[in-house]
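Hi there,

Here is the structure I promised to pass on.

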Amino acid sequence: MSPEIVSEKHVRHIALLSRLECSDPEIRKFAGDLNAILGYVEKLKEIDTDAIEPTTHALRLTNVFREDVVRPSLTNAQALSNAPEAEAGHFKVPPIIQES
Amino acid sequence: MKYETIIGFEVHVELSTNTKVFCGCSTVFGQPPNTQVCPVCLGLPGSLPVLNRKALDLSLRTAVALNCRINRQCQFERKNYYYPDLPKNYQISQLRQNLGVDGFLDIPIGDGSEQKRIRIHNIHLEEDAGKNVHPENAAADCSLVDLNRTGTPLLEIVSEPDIRGADEAMAYMQALKNLLEYIQVSDCNMHEGRLRFEVNISHRLAGETELPSFRSEIKNLGSMKSAVRCIEYEAKRQTRALDRGETLGRDTRLWDDETGRSQAMRSKESAHDYRYFPEPDLVELDIENDWIERVRAELPELPAAKKARFIERYGLPEYDAGVLTASRPLAEYYEQVVAAHDNPKAASNWIMTELLRELNEREIEARESPVAPEHLGKMIRMIDAKTISGKIAKDVFAEMLAGGGDPERIVQDKGWVQVTDSGQVETWVDEAIRANPGPASDYGQGKDRAMGFLVGQVMRLSQGKANPGLVNELIKKRLRP
């Protein structure tokens with residue numbers, strides 16, 4: 001059994017943030033799985049990385065830009081073609097709690 | 001008890017680029033919904049963002065103008081949250097390595113002759129979200145989303161909590177807007193939401209130096225006026241609570257301009273866990289010193305430098321120079337008036353008193369003035385040449401405000417040319433003296449105050465056309481020979 005890094009409470013929180021609905025048995029299963037994965041990755045801590053700059057990217061490329069030139073956009077019909085619902089050129093979504 | 005209001009600002013400004021920050025869609029405002037979108041800004045699978053060089057350039061210009069230290073290896077990160085106006089479910093923003101840090105902006109305080117330094121915590125580049133439309137009809141039971149704005153380059157300027165009270169807050173907002181307009185990174189059109197404010201506000205007892213542990217973050221401030229109203233409202237709300245001995249916490253509130261109140265968002269709505277992490281779809285940045293130096297060298301004249309030049313070049317009082325350089329369009333207008341006729345102080349007087357009142361009333365900028373700067377210059381030349389009196393000039397100015405155009409034509413059409421012919425003026429003077437023997441003899445016996453009355457009578461007889469200097473001279477000659 002791996003050490004517990006992720007509690008079931010953590011899993012519920014992550015599920016909420018990811019908008020995933022999980023049953024209690026699933027929560028228990030994912031907690032076990034995640035702990036196993038993180039436990040495995042823990043091994044990396046054995047390596048001394050003090051003198052190594054953190055890497056955020058696998059590509060050793062810098063400064064890739066595009067020029068500020070307009071390119072054709074999609075048509076409104078194309079933009080909405082994957083939308084489950086549309087109305088008056090807009091994406092139609094369940095009501096958002098009125099913010100103001 | 002006496003409290004001090006402590007304010008920090010988060011200002012969002014949309015940059016004036018042709019295209020979005022990570023794709024080639026246009027950023028033009030007011031187009032039909034969802035017609036300026038592509039797979040990148042819609043967050044479709046497989047699409048990849050590429051940074052707009054101009055957006056970074058304008059951000060750098062702002063960071064330099066705000067005296068920030070530039071993070072050469074600044075980094076984009078993903079800020080994760082779900083909201084329908086954010087199709088990727090994350091916003092590309094910055095957190096740990098912001099583009100600019102530790103800057104400052106000097107703002108005028110009091111009567112404008114003193115300055116206060118407001119520290120800038122950081123400046124970072126991110127992408128704007130789309131727009132949610134809530135149908136008027138509540139029964140519609142849906143929201144509509146327009147993603148045209150999604151991905152517009154958005155610069156966030158975060159100040160330190162150095163601002164005290166509503167007046168300083170107003171000065172900060174105006175100075176910042178002015179700077180952003182000067183350096184032409186944004187048109188700051190607030191009607192189009194190009195410049196938006198959020199305030200962090202708390203209170204402490206006067207004399208305390210520690211920052212309070214509580215603070216309210218207020219969103220949804222669409223204008224400077226709303227921001228000021230909101231600050232005044234919060235000052236009342238918070239100090240009342242403190243007076244009652246309540247413990248305040250940190251909360252996020254929404255301002256409602258209609259009711260003039262702020263409302264706490266439910267903690268569920270404001271409790272965020274953004275899980276920032278470095279954006280893997282964008283390669284790293286390494287902003288070379290040459291680039292930063294080039295941006296610095298290309299920086300246009302900033303408000304403080306322009307003010308100093310106005311004092312030096314035009315011999316204006318500090319106050320005038322401050323007012324005239326408080327907005328770039330106004331400063332340009334002034335220089336055009338002076339270019340048309342070289343009387344800097346008269347130009348300043350006309351703009352500061354007559355023109356600004358009208359512009360403020362109509363809530364328009366100098367560039368939209370109904371009086372063209374060359375026409376104002378021409379009118380001042382006519383005053384200096386004694387073609388018209390200062391009094392008539394006010395009528396001419398009113399005509400120009402009403403769209404009358406060329407002052408020369410107005411004066412001709414109305415027959416307002418000043419009369420400097422002493423024969424004609426003498427007739428009016430004699431008539432005035434005859435009709436007002438009392439004041440005339442008063443003046444003759446040394447009562448200087450009677451002069452004003454007599455001059456007024458002559459001006460009335462001449463319908464304002466008599467040259468006032470000449471009138472004075474002739475009355476004196478008649479009554480105190």
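Let me start with the interface: in this predicted model, chain B and chain A bury about 4000 Å² between them, with 57% of that on carbon and sulfur atoms. On the chain B side, the residues that lose the most area to chain A are B:Tyr82, B:Val283 and B:Glu284, which together make up 16% of what that side buries. In terms of contacts, 55 residues of chain B meet 39 residues of chain A. One salt bridge is found across this interface: the side chains of B:Arg53 and A:Glu67 come together at 2.8 Å, N to O.

Next, the layout of chain B. It is divided into domain 1 (3-295), domain 2 (301-414) and domain 3 (422-479). Between domain 2 and domain 3 of chain B, the C-alpha centres are 32 Å apart.

Now to the nonpolar cores. The largest one has 78 residues, and B:Phe9, B:Leu51, B:Leu66, B:Ile157 and B:Tyr172 have the most contacts inside it. Helix α2 (residues 165-182) of chain B supplies the largest share of this core, nine residues.

B:Leu51 is worth a click. Leaving aside residues up to four places away in sequence, B:Leu51 touches residues of chain A, namely A:Val64, A:Phe65 and A:Arg66, and in chain B its contacts include B:Val21, B:Phe22, B:Phe76 and B:Leu285.

Another residue to look at is B:Met382, which sits in helix α10 (residues 373-384) of chain B. B:Met382 counts as buried, at 6% relative accessibility. Beyond four places away in sequence, B:Met382 touches B:Thr387, B:Ile388, B:Pro407, B:Glu408 and B:Val411.

Finally, the cysteines. How many disulfides are there over all chains? The count comes to zero.

Happy browsing, and do write back with any questions.

Best wishes

Key:
Residues are numbered from 1 along each chain as its sequence is written. Chains are lettered from A and ligands numbered from 1 in the order in which they are written. This is a predicted model: local features need pLDDT of at least 70, side-chain atom pairs count only at pLDDT 80 or more; totals for chains, interfaces and linings use all residues. Side-chain values use heavy atoms; hydrogens and water are left out. A disulfide is a pair of cysteine sulfur atoms within 2.5 Å. A nonpolar core is a set of buried Ala, Val, Leu, Ile, Met, Phe, Trp, Tyr and Cys residues joined through side-chain atoms within 4.5 Å. Buried means under 20% relative accessible area, exposed over 50%, partly exposed in between (1.4 Å probe, protein chains only). Helices (H or I, at least four residues) and strands (E, at least two) are DSSP runs, numbered from the N terminus. Contact means heavy atoms within 4.5 Å. Domain bounds come from an automatic or database domain assignment. Buried area is the accessible area (1.4 Å probe) that two parts lose on being put together, summed over both. A salt bridge is a side-chain nitrogen of Lys or Arg within 4 Å of a carboxyl oxygen of Asp or Glu.
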